[in-house]
Amino acid sequence: MKRKLIFLILLLVVFKVSAQNAYTPSAENIKAREWFQDARFGLFIHWGVYSILGDGEWVMYQQGIDKQTYEKVPGFFNPVKYNPREWVAMAKAAGMKYITITSKHHDGFAMFDSKLTDWDIVDRTPYGKDVIKMLAEECRKEGIKLFFYHSQLDWYQDNYYPRGVTGGTSGRPQKGDWYKYLDFMDGQLTELLTNYGEIGGIWFDGFWDKKDSDWRLDKTYSLIHTLQPGCLVGNNHHLAPFPGEDFQMFEKDLPGHNTTGFSGDSKIGSVPLETCETMNNAWGFNLMDKQYKSSKTLIQYLVKAAGYNSNFLLNVGPMPDGRIQPEFISTLKEMGKWMEKNGETIYGTNGGPVSPKSWGVSTYKDNKVYIHLLNPEDNNLLIPDFGKKVKGITLYSTAAKLKFKQDAFGITVSVPKESIDETDTILVIEI
Ligand code: H79
């Protein structure tokens with residue numbers, strides 16, 4: 001009898017563990033992953049009531065603003081110049097295939113019409129309209145997929161307790177019901193996945209605030225996949241992907257790199273990859289940040305990302321009036337021009353077969369390998385052998401044939417000086 005009981009308990013334990021770890025993505029989900037992998041370029045949008053203060057999305061934390069004081073901010077949010085048609089047209093013209101927008105950032109403020117709290121755009125701002133719904137409708141019309149950035153970390157909800165490493169200055173009571181907070185978050189996710197049509201994915205952030213907490217990820221992830229099987233789940237926890245996650249993101253770093261200091265534990269998983277970066281140094285609108293990256297830098301980053309088999313999610317922080325600042329618009333236009341000409345070497349490709357080098361990266365599709373010379377060091381380029389017989393090499397821009405030699409050392413190709421493009425000289429290797 002006792003042995004039978006032990007066996008039963010053992011069986012239950014084994015079943016529970018395997019149920020947690022066994023995540024088999026549905027056919028729809030796999031299709032969505034393939035779409036994502038091919039898309040390669042998306043627009044990140046950080047927009048919230050914090051935008052008004054012109055000091056980034058962490059302003060509440062950085063200026064130590066308590067909750068009661070921060071509650072005044074939504075009263076100023078009236079983006080009369082918000083035009084989702086212009087935003088989506090801008091993204092499309094830049095060559096972007098999807099948009100990831102903040103449905104809620106760490107300040108907990110819902111940019112959509114939530115029935116679970118009045119801490120949202122419809123209830124608290126003079127604007128009073130659901131900007132997410134407006135964007136969702138426009139995206140659908142224009143064939144752009146919409147993803148939601150959703151913060152698990154919350155500086156507003158009292159039930160986000162015990163608190164993590166941030167949010168200590170928000171003046172909340174020293175008590176709260178953690179699981180009620182998670183129920184609330186699942187409830188808002190249900191709203192987002194029920195009322196806004198088909199959603200490309202959920203981009204979680206803030207896990208790192210309480211990384212040893214019970215986040216009940218299994219429950220949240222399976223809720224998402226039940227509501228929308230094709231909805232991709234990603235989590236910016238800076239760790240290797242957990243079961244239930246469909247893509248992996250790297251913040252301000254190429255996969256495998258750690259210039260930020262928080263990508264150190266981001267072991268690369270076997271799901272599609274994405275890296276995100278800002279156009280100046282800010283995610284949310286920052287009035288004083290004028291350190292704009294050039295279009296050359298950002299195009300090269302996009303190319304490098306593709307060479308690392310990763311998407312590039314490039315951020316804008318719209319202004320409080322709803323417009324995107326002209327500096328961003330003009331850079332995105334330049335990127336779009338480049339993608340119109342060269343997108344064939346980026347969209348639908350995989351990174352490789354040559355691993356990233358100091359001179360640049362490679363991408364491939366079918367019987368073509370694209371060599372992206374980003375920092376040409378010499379007119380004779382030696383490409384390490386990748387085990388395929390080369391039929392010919394041409395310059396992508398003019399289709400001019402290039403002289404090459406393939407031997408035991410690899411492929412040596414001479415690139416005439418006059419054909420060097422200072423952003424990216426693309427060679428096409430036919431195999
Ligand atoms: O949404 C954007 C940022 O607001 C968010 N992710 C991107 C996409 C982000 N949150 N945090 N970070 C980026 C950097 C995290 C810094 C931290 Fe810390 C280091 C959090 C905890 C340790 C510095 C020290 C800030 C709080 C304590």
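Analyst: The centres of domain 1 and domain 2, taken over C-alpha atoms, are 36 Å apart. Those domains span 27–349 and 352–430, with bounds from an automatic or database domain assignment. Where they touch, domain 1 brings 17 residues and domain 2 brings 16, contact meaning heavy atoms within 4.5 Å.

A word on the ground rules: this is a predicted model, where local features need pLDDT of at least 70, side-chain atom pairs count only at pLDDT 80 or more, and totals for chains, interfaces and linings use all residues. Residues are numbered from 1 along each chain as its sequence is written, and side-chain values use heavy atoms, leaving out hydrogens and water.

Together the two domains bury about 1,400 Å², with 59% of that on carbon and sulfur atoms; buried area is the accessible area (1.4 Å probe) that two parts lose on being put together, summed over both. On the domain 1 side, Gln-300, Glu-344 and Thr-345 provide 34% of the area buried against domain 2, more than any other three residues.

Two elements give two or more residues to domain 1's touching side: α10 (295–307) and α11 (326–342), helices here being DSSP runs of H or I with at least four residues, numbered from the N terminus. Of these, α10 gives the most, with 7 residues.
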